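Work through the exercises below with the sequence and the model open beside you. Try each task before you read its solution.

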Amino acid sequence: MIDSAQPFVAQFERARLAGAGSPWLDEARRRARDAVAEHGLPGPRDENWKYTPVRPLERRGFTWLERAPGRLDAAGADALAFPGLACYRQVFENGRHRADISGGEALPEGVVCESMSDAFNRHADSLAPFFKRSFPGSEQAFAALNTAFADDGLYIEVPDGVRVATPLLVLLANSVTEDRVISHPRLILRLGKGASLVLIETHAGAPEHQNCTNLLSQVELAEGAELRHLRVQDEAERAMLINRTDLDLAANASYTGFAIDLGGRLVRHDLNVALREEGAACDLHGLYVLGGRQHVDNHTRVDHLVPNTRSSERYKGVLDGHSRGVFNGKVVVHEGADGTDAAQSNANLLLSRDAEIDTKPELEIYADDVKCSHGATVGQLDEAALFYLRSRGMDLEDARGLLTYAFCREVVDRLRIREVRERLAGDLMEHLPSGLVARDTG
Amino acid sequence: MLEIKDLHARVEGKDILNGIDLAVGDGEVHAIMGPNGSGKSTLANVLAGRDRFEVTRGSVTYDGENLLDMAPEERARAGVFLAFQYPVEIPGVNNTYFLKAALNAVRRHRGEPEVDAMDFMKLVREKLKVVHMDEDLLKRAINEGFSGGEKKRNEIFQMAVLEPRLAILDETDSGLDIDALKLVADGVNRLRDGKRSFLIVTHYPRLLQYVEPDRVHVLRHGRFVAEGDKDLAYELERRGYGWLDEKEAAAS
C-alpha cells in the first residue's frame, strides 16, 4: 500500500458507514478503497496536480465523523448563506446532513431531495450507476475516497418537465470540533427532460475550523434540461476543500455555472463537463479573489463529444499577498464533433509582487469544422485608468480598490437573483484591499 | 495663481520640454498652441501629475505651493483639473458613482460637508444643462461606449461639477464637429467667472474664436517661440505654423 493512502484505509476499516450491507454499495466502496490503497494520493508527478501539493492534507491528520457535532443552529446557518433568500435549504455540518435545520419553501410535487443515507434504501437503482463509476489512478484518488466513504450527502431528482422556481440552497458548513475533520459528502443530481433548477452551493464555516471537505457531485441533465449552478466558497482561513463536479449533458441541455472563491486555505476544484449530445451547451463563469497564503486551483475540462455543441468559459482572478492561483482549462473537441463552438478566457490581476498565478488554457481539437478561441492574461491595473481616477481627486488606494472591484463585479453582475448578487457584492468588498468601496457602495 | 519657471521634462528618456516660463493670474485664459509634437500635451500632463513624465529641471508654483511635490489627487483637490485629450474608458465603474466620490474628495479637502445622493443629483442635473448632455450617459460606466464628442463633453461636465480653480483643456476641441465644438466652448464660457483660470491647449485656433484668450503662447520644440494676445491666434490661422520657422530664420 502507498504511504499516503494508509491513514484513509485504516479509517475505512473502522468506519461504520450508512448503507452498509447493500451488496452493490459494499462492493463499490471496497473497489474504491482498493484503488486508493493501490495508487495513493496525487503527487508531484501527476501533471494535473503539480501546482497543488496535497502534503498539508497528509501532514495534518484528519478524523472521520459519524455524526454532525450539532454546534450549528438555524440562525448560524442563516448567517452563513444568503439571509432572507426565499429558497429550499439543505444544511450540512462537517459533511453530515442536518435535517433539523433544513427545509424552507416547498418544492414542486414529484421532486426528490433526500439525504443520501435515506436515498440508499429508497433510490438504490438510481444511485448504483453513480457509485459504480470507477476512479482509477492517483489523480482521481479524492473521487475514489469519496466513493469509499460517502454515506451522507444529497440525492436530488427533478421529473420531466418540472421547472423548479425556488432555488435549492445546499449549505456545506464546517464547525470546530476537538479534532480536525475530513468529510466526504456526495451530491447526485438528475434533471429530467425539459426540467430546470437553480442550485446554490455554499461552502462556509466557523472562522477557527481546520476541516477538510472532499465533495463529489455528479450531475445528469436529460434532453432540454437546464441547470443554473452557483457555487460560493467563502471558507475559513485554514479550511481545505477538494471539490469535483462531473456533468453529463444530453441533447439541448444547458448548464450555467458560477464558481466563486473568496476564502479557504487550500482549495481544489475539478469541473468536468461532457457535452454528450447535439445542442448541449455550457457557460462557465469563475472568480477567485485571494490574499494571504491562500491557494486556489481551478481545473476545468469540457468534452465536445458530438457535432454542434457549444461551450464558453470565462474565469477571472485577483491575487494579493502571497496567494497562489492555478487555472487549467481544457477543451477537447473529439473526432467528428464538427460545428463545435468553444471560447475560453482567463484574466488575472496581480496586486502583489509575491502573488502567483499559473494559468494554462489547453485546446485539443480532433475535428475540422470548429470555432475555438482561448486566451489568458496576467496583469496589473491599467495605469491610464488609475491616473484618470486620481486626476479627479481619488486616492491611489481608493482608485486601485475601485478598479479591482469593477473587475470582479463584472462576474457577479451576471447573477440573476438580486439578493444573491447584492450579498456577493458586499462579500467582495470585504475581500478586496480597498477603503473606498467599503465606505460607500454608491 | 500658477507660475512655471524654466520647466524641463522628459518622457522615456526623451527631452520634450526645454525651458518653459509661464505665469497665469486669477481669472485669466491662456492658450497654448503649437504643432504636433511640440510638447503641448506633455505640459498639460506634467501639470496634472502624470508620473510617466519626468521633470528634470525647473519649478511650478500653484497658489504659492510647490505643485510638483503634490500627488495627482492632491492637485485635483486643490483645484487643478485636466480635461483629457483621450478620456479613458473604465468598464464596471459607474459614472455617477465615480463623480460623487470625486466631488466628495474635493469637498472634504475644502472642509465642506459631503453631498448626499439627493443634493448630488440636483447638482448633476443643473450641470448637465451646461453641456447639453443626456442624463442616461451617467448611468453607464465611465466613458464606456461614448462617442468621441460625448467623451469630450463628459470632461467639460466633470469640470462643471468639480468647479476647479485652474482648468487645463488638453486638445478638447480636436475631433469635434462645429456643433460639438460650440457646446464645449459654451460650457467653458459659462465657467469663466473672473476667478477661475484656464489653460487651453490646442492645435487649431478654431476654439479660440469661441473662447477668447487673454494670452496666446506658441510652443515649438518644447519652448515658447511666440507670445501675444488673441490676434496671434488669428495670425496662425492665416499663415500656419510654417510662418514661425521663417520668423525664427529671419531672427537668427
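**Exercise 1: Salt bridges within a chain**

B:E3 has a relative accessible area of 37%, so B:E3 is partly exposed, where buried means under 20% relative accessible area, exposed over 50%, and partly exposed in between (1.4 Å probe, protein chains only). Before going on, note that this is a predicted model, in which local features need pLDDT of at least 70 and side-chain atom pairs count only at pLDDT 80 or more, while totals for chains, interfaces and linings use all residues. Residues are numbered from 1 along each chain as its sequence is written, chains are lettered from A and ligands numbered from 1 in the order in which they are written, and side-chain values use heavy atoms, with hydrogens and water left out.

Task: find which residue forms a salt bridge with B:E3, and then compare this pair with other pairs in the structure.

Solution. 
- Step 1. Recall the rule, by which a salt bridge is a side-chain nitrogen of Lys or Arg within 4 Å of a carboxyl oxygen of Asp or Glu.
- Step 2. The partner of B:E3 is B:K5, and their closest N and O atoms are 3.9 Å apart; B:K5 is partly exposed, because its relative accessibility is 46%.
- Step 3. Turn to B:R110 and B:E112, whose side chains meet in a salt bridge of 3.8 Å, N to O. B:R110 has 34% relative accessibility and therefore counts as partly exposed, and B:E112, with a relative accessible area of 31%, is partly exposed.
- Step 4. Salt bridges can also share partners, and in this way A:R314, A:K316, A:E410 and A:R414 are joined into one network.
- Step 5. In chain A, A:R268 and A:D270 form a salt bridge with their closest N and O atoms 2.9 Å apart, and both A:R268 and A:D270 are buried.
- Step 6. Over all chains, the structure holds 55 salt bridges.

**Exercise 2: Where chain B meets chain A**

Task: describe the contact between chain B and chain A by its residues, its buried area and its salt bridges.

Solution. 
- Step 1. Contact means heavy atoms within 4.5 Å, and the contact takes 35 residues from chain B and 23 residues from chain A.
- Step 2. Buried area is the accessible area (1.4 Å probe) that two parts lose on being put together, summed over both; between chain B and chain A this area is about 2,200 Å², and carbon and sulfur atoms give 61% of it.
- Step 3. The salt-bridge rule finds 4 salt bridges across the interface, including one in which the side chains of A:D395 and B:R77 meet at 2.9 Å, N to O.

**Exercise 3: A buried threonine**

Task: decide whether B:T202 is buried or exposed, and find what B:T202 touches.

Solution. 
- Step 1. B:T202 lies in strand β10 (residues 197-202) of chain B, where strands (E, at least two residues) and helices (H or I, at least four) are DSSP runs, numbered from the N terminus.
- Step 2. B:T202 counts as buried, because its relative accessibility is 0%.
- Step 3. When neighbours within four places in sequence are left aside, the residues in contact with B:T202 are B:I32, B:M33, B:G34, B:K40, B:D173, B:L208 and B:Y241.
- Step 4. One of these, B:M33, lies in strand β3 (residues 29-33) of chain B and is buried, since its relative accessible area is 0%.
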